[in-house]
Amino acid sequence: MSTATTPAPTSTAAPASTLTVHKLGGRLGAVVTGVRLGGDLDPETVGAIRSALLAHKVVFFRDQDHLDEEAHEAFGRLLGTPVAHPTVPSADGRYSFPIDSDHGGRANQWHTDVTFVPAYPAFSILRAVVVPPYGGNTLWANTATAYENLPEPLRRLADGLRAVHSNAYDYAALRPDAVPEQLARFRDVFASTKFLTEHPVVRVHPETGERTLLLGNFVQRISGLTGADSRALVELFQSHVERPENTVRWQWRTGDVAIWDNRATQHYGVDDSDEHDRKLRRVTIDGDVPVGVDGRASELIEPASVPDPAFGIASGASASGPAA
């Protein structure tokens, strides 16, 4: 007697053999073509995307207009576990986080997402919904090559440093043109819970083994140093991250998707589109607790306990921060 079986679902996505990677810059950035992103991608294609992402740090996909909130998240789950923002609640329970020009989406600052918690996101997936007629580009910098190209004495110095990161920075100083409503939103939402985390200045990438500089706008101070000495060192190492030859710039079109390795990059959303709308949606993927060259892991300083275990801060990551 024969038993009827249900055929396995077939994927409508393009196989990895049609995927091509076109390098954008000498140190980072590539455009990936021949793939339609979504939750139905086969493992071979997902593996090819992940390999390109680890190699080029940030990869771009044009013409992904078919993606909506659900499909965006479904694709994210193929790369790992989506995570929520630690202080900004979702209105609909989704992991897709809005980055809009009228709600804090104008950044003008270099940062790595959510380094104020120990296990910040591994990957970020950003989708363009509305783009301005000009401006609004995003820049990325390679923190692995920034470290690699330091003079040897500076590499040895950085290897032994640790830094405290916090979400409680001076928003008014950063955005002197912010209106009272924006200041209130930052104070009451983004900084509603103050986080302090001490990270190594140089972390060892868990997948590639590369050493990367862990800095950016959330750095409050270098541990054990006075304010002046701390600022001087942060500016010194940060200047190597921001060097033009270490960056790539992307001009958005509606339907574009950018994916970056948040453990090996910083990014900067350029606020130069005047009052035109710019609306992006981001899904972030759970990360791991960084480990320094000496094998010592990052440590949560404040709060003493995680406000909501659902954020996964103790063992996983959270999302967002300044805009992309």
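Is Gln266 buried or exposed? I started my notebook with that residue. The model I am reading is predicted.

**Entry 1: Gln266**

I found Gln266 in strand E15, which covers residues 265-269. Its relative accessible area is 0%. The cut-off for buried is under 20%, so Gln266 counts as buried. I then looked for a polar partner of its side chain. The side chain of Gln238 makes a polar contact with that of Gln266, at 2.7 Å. Next I listed what else touches Gln266, setting aside neighbours within four places in sequence. The contacts include Trp110, His111 and Thr112. Leu139, Trp140, Ala141 and Thr143 are also among them.

**Entry 2: Arg203**

I turned to Arg203, which lies in strand E10 (residues 202-204). Is Arg203 buried or exposed? Arg203 has a relative accessible area of 0%, so I noted it as buried. I recorded a polar contact of 2.9 Å between the side chains of Arg203 and Tyr120. Tyr120 is also in the contact list of Arg203, which leaves out residues up to four places away in sequence.

**Entry 3: a sheet of four strands**

In which order do the four strands of the open sheet run? I wrote down E12-E8-E9-E17, with antiparallel pairing. Strand E12 (219-222) and strand E17 (299-302) are the edge strands, and each pairs on one side only. On average, neighbouring strands of this sheet are turned by 30° against each other, direction ignored. I looked at one pairing in detail. Strand E8 (residues 162-166) pairs with strand E9 (residues 196-200) in the antiparallel sense, over five bridges. One residue I followed was Ser166, whose bridge partner in E9 is Leu196.

**Entry 4: two helices**

Last, I looked up helix H4 (residues 152-159) and helix H7 (residues 227-241). They pack at an angle of about 120°, and their axes are 12 Å apart. Because of that angle, H4 is oblique to H7. I noted the crossing of H4 and H7 as left-handed. Which residues make the contact? From H4 they are Leu154, Leu157 and Ala158. From H7 they are Leu233, Leu236, Phe237 and His240.

Terms used. Residues numbered from 1 in each chain as written. Predicted model: local features only at pLDDT ≥ 70, side-chain atom pairs only at ≥ 80, totals over all residues. Heavy atoms only, no water. Buried < 20%, exposed > 50% of the residue type's maximum accessible area, 1.4 Å probe, protein only. Polar contact = N/O pair within 3.5 Å; in protein donor to acceptor, adjacent residues only side chain to side chain. Contact = heavy atoms within 4.5 Å. Pairing = 2+ DSSP bridges. Axes fitted to C-alpha atoms, helices over the stretch in contact; angles between N-to-C directions. Parallel < 35°, antiparallel > 145°, perpendicular 65-115°, else oblique. Left-handed = near helix turned anticlockwise from the far one by under 90°.
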